Amino acid sequence: MTRTDDRHPATQCRLDTYFAGSLCVAKENEKLSNSDYKAGSCYTPRDAVGARPRCWFAPSN
C-alpha cells in the first residue's frame, strides 16, 4: 500500500490493528500531533512489535 486507506478496513486488518495496539509502548499521557504522526502514537519501525499494520496506515516517509 502506498497511501493511507480512509475507507473502513477489512476484518483482518482491524483485528491486526487491535492486537498491535495492545503491544504499544507509547505513553498514555504523551500528546498527539496534527502534523507529526509519530508524536504520541504507536509508531515503530516497520517490523517492530506493536507497529501499526500497513493494511490501512501508510506513513509519509
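1. Does Ser41 count as buried or exposed? Ser41 counts as buried because its relative accessibility is 15%, where buried means under 20% relative accessible area and exposed over 50%, with partly exposed in between (1.4 Å probe, protein chains only).

2. The model is predicted, so that local features need pLDDT of at least 70 and side-chain atom pairs count only at pLDDT 80 or more, while totals for chains, interfaces and linings use all residues. Residues are numbered from 1 along each chain as its sequence is written, and side-chain values use heavy atoms, with hydrogens and water left out.

3. The secondary structure of the protein chain comes to 1 helix and 0 strands, these being DSSP runs numbered from the N terminus (helices H or I, at least four residues; strands E, at least two). Of the 61 residues in the chain, 20% are buried.

4. Ser41 sits in the segment after helix H1 (11-22). Leaving aside residues up to four places away in sequence, Ser41 touches Ala26, Leu32 and Arg52, a contact being heavy atoms within 4.5 Å. The side chain of Ser41 also reaches the backbone oxygen of Tyr37 at 2.5 Å. Glu28 is 13 residues from Ser41 along the chain, and their C-alpha atoms are separated by 9.1 Å.

5. Phe19, by contrast, lies in helix H1 and counts as exposed because its relative accessibility is 56%.

6. Among contacts in the protein chain between residues at least 6 apart in sequence, 42% join residues at least 24 apart.

Conventions
Polar contact = N/O pair within 3.5 Å; in protein donor to acceptor, adjacent residues only side chain to side chain.
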